[in-house]
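Please read the points below with the sequence and coordinates open beside you. They are meant as a colleague's notes on what can be computed from the atoms.

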Amino acid sequence: MNAVPQERRIVTAIPGPKSQELQARRLDTVAGGVGSTLPVFTKRAGGGIIEDVDGNRLIDFGSGIAVTSVGASAEAVVRRAAAQLQDFTHTCFMVTPYEGYVEVCEALAELTPGDHAKKSALFNSGAEAVENAVKIARSYTKRQAVVVFDHGYHGRTNLTMGMTAKNMPYKQGFGPFAPEVYRVPVAYGYRWPTGAENCGPEAAAQAIDNITKQIGADNVAAIVIEPVLGEGGFIEPAKGFLPAIVKFANDNGIVFVADEIQAGFCRTGQWFACEDEGIVPDLITTAKGIAGGLPLAAVTGRAEIMDSVHGGGLGGTYGGNPVACAAALGAIETMKELDLNGKAQRIEEVMKARLTAMQEKFPAIGDIRGRGAMIAIELVKDPATKEPFPEAAAALAKYCHNEGVLVLTCGTYGNVLRFLPPLVIGEDLLNEGLDVIEAALATV
């Protein structure tokens, strides 16, 4: 078992000489368009720590972008995936099926919101899951239009780039994009003109008005939204917004799709973020946290919607790979055994208390938001004007990286520092990482 010592340790500059050597090799052969937040090369990782090739140990506040929620080397994931590797690596489920795929679909039917009959199809990545959800919704409704939201992120394929709001770096120079994708306002409380308390109902009314006037409800196949918007800045839609959108979808025969790729699987302290306001989506897309670091994604939904597609219309060579399915069953086992929903809620308690105390000292923190272990601070030049402060986000991230804490930025304006620690992180490491963030804020 890969037992990484759970302590931060800096023994060289960040990145160190071995990482720099590997970076030089990388620049020779890896395409320049593939970026990295921090060019330290990982040797091993587990719990709340990433250890690099130079022997530095970094506190992990990124989880590989919300993927390694159960840790980067969780015992059950390793055990089950290793056993599956011994038996067979691949047959293609569309050629000769295997039990692991069926077991994952059974687990998804049990865990996702709603007690209706559910079916799933498995894929490789979040973008693939979203793209297939759109295919399924179009097949079921015999309509074409897809509605998405300001600040939303859905992936890097042609269709999902079109569904994503932010141009740089996701869309710049890659068009033309798929047609019949329409964007409407989202309830971004911190930046809503009439204040957060009015935001939910007002934003829902605006969005619905845009859909009815500009698209026509009868033309809409699917409304797709992240219940907590990820890349857009960890925006929690103001209360009342999601229920109003779901009601509109239900009243008009539109398939409501919850994109839970970043927020799902205990990340927000519930199995799925949409449960917070009792939302039961028609389709739910999952990936990231589902399989402890192996590539797996799913579309799960109402059986009659999922079964509307003709035989052979869904699939892909690697979709539901047997090793990834074994890993997913290990990840879900870990989530249940360790009560990772409870762990995520505790992480929120610790982080929000600490960050609120920092906000009193540092006016650059305009907003603290998120749920569970999906927490962010939005940085502003002046709390009164709320002018975005992306330079502060970049400077804070750089300081943290140099001190051995891996943090990520996000947000449409590039001014959000987001925290996605593994749900298994120790509280001592969590507080130590927050100490470094506080020291970083003092330098901005």
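The numbered points go from the basis of the values to the whole chain, then to its core, a helix, a sheet and some backbone details.

1. This is a predicted model, in which local features need pLDDT of at least 70 and side-chain atom pairs count only at pLDDT 80 or more, while totals for chains, interfaces and linings use all residues. Residues are numbered from 1 along each chain as its sequence is written, and side-chain values use heavy atoms, with hydrogens and water left out.

2. The protein chain contains 13 helices and 15 strands, where helices (H or I, at least four residues) and strands (E, at least two) are DSSP runs numbered from the N terminus. For 444 residues a compact globule would have a radius of gyration near 22 Å, and the 21 Å of the protein chain agrees with this; the radius is taken over C-alpha atoms, and the globule rule is 2.2 Å times the number of residues to the power 0.38. The C-alpha trace spans about 60 × 60 × 45 Å along its principal axes.

3. Of the 444 residues, 54% count as buried, buried meaning under 20% relative accessible area, exposed over 50%, and partly exposed in between (1.4 Å probe, protein chains only). Among contacts (heavy atoms within 4.5 Å) between residues at least 6 apart in sequence, 72% join residues at least 24 apart.

4. A nonpolar core is here a set of buried Ala, Val, Leu, Ile, Met, Phe, Trp, Tyr and Cys residues joined through side-chain atoms within 4.5 Å. The largest one has 126 residues, and those with the most contacts inside it are Phe-61, Ile-223, Phe-241, Phe-256 and Phe-419. Helix α10 (residues 322-337) gives the most to this core, with 9 residues. Apart from this core lies another, of 11 residues, among them Ala-66, Val-228, Ala-263 and Val-416. Leaving aside neighbours within four places in sequence, the contacts of Phe-241 include Phe-149, Pro-185, Val-186 and Ile-225.

5. Helix α5 (residues 126-141) has 16 residues and should span 22 Å at 1.5 Å a residue, which agrees with the 23 Å between its end C-alpha atoms; the expected span is 1.5 Å times one less than the number of residues. Its buried residues include Gly-126, Val-130, Val-134 and Ile-136. Just after α5, Lys-142 takes a positive phi of about 60 degrees.

6. An open sheet of 4 strands has the order β1-β2-β3-β13, with mixed pairing, two strands being paired if DSSP finds at least two bridges between them. The edge strands, β1 (42-46) and β13 (405-406), each pair on one side only. Strands β1 and β2 (residues 49-52) run antiparallel and are joined by 4 bridges, with Ala-45 opposite Ile-50 and Gly-46 opposite Ile-49. They form a hairpin with 2 residues between them, and Gly-47 in the turn has a positive phi of about 60 degrees.

7. Two cis peptide bonds deserve a look. The bond from Ile-14 to Pro-15 has omega near -5 degrees, with Pro-15 placed in the segment before α1 (17-29). The bond from Met-168 to Pro-169 has omega near 0 degrees, and Pro-169 lies in the loop between α6 (158-163) and β6 (181-184).

8. Ile-65, in helix α2 (residues 63-66), has phi near 60 degrees and is partly exposed, with a relative accessible area of 31%. His-151, in the loop between β5 (145-149) and α6, has a positive phi of about 70 degrees and is buried, with a relative accessible area of 13%.
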